[in-house]
Amino acid sequence: MSTDVAWMLQMTVAAGRHAELQMLLDEMVAATAAHEPGTLEYEWSLSADGSECHLWERYADSGAALIHMGTFGATYAERFFTVLTPTAVHLYGTPNAEVLEGLGGMGAVVMRPVGGFRR
């Protein structure tokens with residue numbers, strides 16, 4: 001069984017804050033890539049009109065997810081929530097209680113693995 005933990009965060013972008021969003025996500029992507037080897041996927045996507053943003057994150061395990069969550073809270077959360085408003089969070093994999101608690105405040109819908117495979 002996989003130990004991966006992943007989530008999809010759906011957000012709206014504050015009007016007139018697109019340049020700020022781009023600077024923030026560039027900084028977050030660079031820092032995550034450089035300092036968090038347990039981050040397996042970290043992909044930002046924007047709708048054609050720039051009003052909706054999705055963030056796909058996948059971690060090797062709950063420990064790696066918690067490292068990211070700690071860095072996010074200490075370094076980026078204030079700016080992030082000024083520019084982005086979460087509208088939905090879906091959590092996948094086998095998260096531990098700390099990850100569940102950390103994302104629970106955002107109303108995360110937990111999706112438990114029930115079948116499938118990986119290559």
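**View 1. Helices α2 and α3 pack at an angle of about 35 degrees.** Their axes lie 9 Å apart. The model shown here and in every other view is predicted. In passing α3, helix α2 makes a left-handed crossing. The α2 side of the contact consists of Ser62, Ala65, Leu66 and Met69. These residues meet Glu98, Val99, Gly102 and Leu103 of α3.

View 2. A polar atom of the serine 62 side chain lies 2.8 Å from the backbone nitrogen of asparagine 96. Neighbours within four places in sequence set aside, serine 62 is in contact with Thr3, Val5, Thr94, Pro95, Asn96 and Val99. Val99 belongs to the α3 residues met by α2.

**View 3. Five strands make up an open sheet with mixed pairing.** The strand order is β2-β3-β1-β4-β5. Strands β2 (39-46) and β5 stand at the edges. Each of these two has a single partner strand, so one side of each lacks a neighbour in the sheet. On average, neighbouring strands are turned by 15 degrees against each other, direction ignored. Helix α1 (residues 18-35) packs on this sheet. Helix α1 touches β1, β2 and β4. The direction of α1 makes about 170 degrees with that of β2.

**View 4. Strands β1 and β4 run antiparallel.** Strand β1 spans residues 5-13, and strand β4 spans residues 84-93. Nine bridges join the two. At one of these positions, valine 13 stands opposite leucine 84 of β4. In the sheet order, β1 sits between β3 and β4.

**View 5. Strands β4 and β5 pair in the parallel sense.** Three bridges link β4 to β5, which comprises residues 109-111. Tyrosine 92 stands opposite methionine 111 in β5. The chain leaves β4, passes through helix α3 (residues 97-104) and reaches β5. This β-α-β crossover is right-handed. Back in the paired strands, leucine 91 has valine 110 of β5 as its bridge partner. Helix α3, the connecting element here, is the helix that packs with α2 at about 35 degrees.

Methods. Residues are numbered from 1 along each chain as its sequence is written. This is a predicted model: local features need pLDDT of at least 70, side-chain atom pairs count only at pLDDT 80 or more; totals for chains, interfaces and linings use all residues. Side-chain values use heavy atoms; hydrogens and water are left out. Two strands pair if DSSP finds at least two bridges between them. Helices (H or I, at least four residues) and strands (E, at least two) are DSSP runs, numbered from the N terminus. A crossover is right-handed if, with the strands pointing away from the viewer, the path from the first strand over the helix to the second runs clockwise. A polar contact is a pair of N or O atoms within 3.5 Å; within protein, one must be able to donate a hydrogen and the other to accept it, and residues adjacent in sequence count only if both atoms are side-chain atoms. Contact means heavy atoms within 4.5 Å. Axes are lines fitted to C-alpha atoms, for helices over the stretch in contact, and angles run from 0 to 180 degrees between N-to-C directions. A crossing is left-handed if the near helix is turned anticlockwise from the far one by less than a right angle, and right-handed if clockwise.
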